[in-house]
Amino acid sequence: MKSKTFALSLAFISNWSLANPPQFEKFASDINKVLSCNYTKTAPPNQLGGTLYMCIAGKAETAKVFMHKNEKTGKVLNLKIMWNDWFKDTGYGIHPDKIEATGFVDLLGNRLTPNHTAQMLKVFEGKAPATFSTEGWDVKYTYERGRAIDERLFVFTPK
């Protein structure tokens with residue numbers, strides 16, 4: 001059933017532009033329809049930055065997608081996929097929400113950087129930084145080790 005849902009999701013978002021930064025509102029609406037989020041919100045601009053779309057998923061709410069708006073152009077400034085990967089059990093077990101986090105990478109990677117998605121999924125399991133580039137997107141992966149949690153982060157920046 002998951003593969004059928006994934007295929008339908010890819011079909012739904014097939015109109016997303018790969019080569020140009022998408023319009024923020026349309027892109028936020030489109031991804032909101034295909035991501036499985038426990039919680040979503042679009043926060044208005046404030047003194048810390050522009051409009052922010054947030055999607056939080058998983059039982060422990062550690063899988064996240066954030067998207068920032070370029071207020072001057074109305075387009076996506078960047079999109080981030082973050083997984084706060086607990087390697088110490090704090091009540092949800094170790095590595096909670098891994099399925100949701102890797103699902104975000106798989107879904108969004110297949111649309112925005114399809115030639116790199118398989119490699120991105122491998123990198124997401126590891127600790128080494130990595131970069132990827134397509135005609136329309138630059139992607140950077142970082143890994144930060146904490147006392148009980150690892151932050152795994154992809155940042156997609158339109159060219």
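Trainee: How many residues sit between E6 and E7 in their hairpin?
Mentor: Three residues lie between E6 and E7 in that hairpin. Strands here are DSSP runs (E, at least two residues), and helices are H or I runs of at least four, numbered from the N terminus. The model is predicted: local features need pLDDT of at least 70, side-chain atom pairs count only at pLDDT 80 or more, and totals for chains, interfaces and linings use all residues. Residues are numbered from 1 along each chain as its sequence is written, and side-chain values use heavy atoms, with hydrogens and water left out.

Trainee: How many bridges join E6 to E7?
Mentor: Nine, and strand E6 (residues 137–145) runs antiparallel to E7. Two strands count as paired if DSSP finds at least two bridges between them. Glu144 stands opposite Glu151 in E7. Arg145 faces Asp150 in E7.

Trainee: And E4, how many bridges there?
Mentor: Eight bridges join strand E4 (residues 75–86) to E7, again antiparallel. Met82 has Leu153 of E7 as its bridge partner.

Trainee: What's the strand order in the whole sheet?
Mentor: E1-E2-E3-E4-E7-E6-E5, seven strands in an open, antiparallel sheet. Strands E1 (39–43) and E5 (130–133) are the edges, each pairing on one side only. Neighbouring strands are turned by 15 degrees against each other on average, direction ignored. Axes are lines fitted to C-alpha atoms, for helices over the stretch in contact, and angles run from 0 to 180 degrees between N-to-C directions.

Trainee: Which strands does H2 touch?
Mentor: Helix H2 (residues 24–34) touches E1, strand E2 (52–57), strand E3 (63–70) and E4 as it packs on the sheet. Its direction makes about 165 degrees with that of E3. Contact means heavy atoms within 4.5 Å.

Trainee: Where does H4 lie?
Mentor: Helix H4 (residues 117–125) lies across E4, E5, E6 and E7, at about 150 degrees to E7.

Trainee: Back to E7. How many of its residues are buried?
Mentor: Seven of the 10 residues in E7 (residues 149–158) are buried. Buried means under 20% relative accessible area, with a 1.4 Å probe and protein chains only.

Trainee: Which residues touch the most other members in the largest nonpolar core?
Mentor: Ile31, Val65, Met67, Leu79, Ile81, Phe154 and Phe156, in a core of 33 residues. A nonpolar core is a set of buried Ala, Val, Leu, Ile, Met, Phe, Trp, Tyr and Cys residues joined through side-chain atoms within 4.5 Å. Helix H3 (residues 98–112) gives the largest share of this core, six residues. A separate core has seven residues, including Met82 and Leu153.

How values were computed: Buried < 20%, exposed > 50% of the residue type's maximum accessible area, 1.4 Å probe, protein only.
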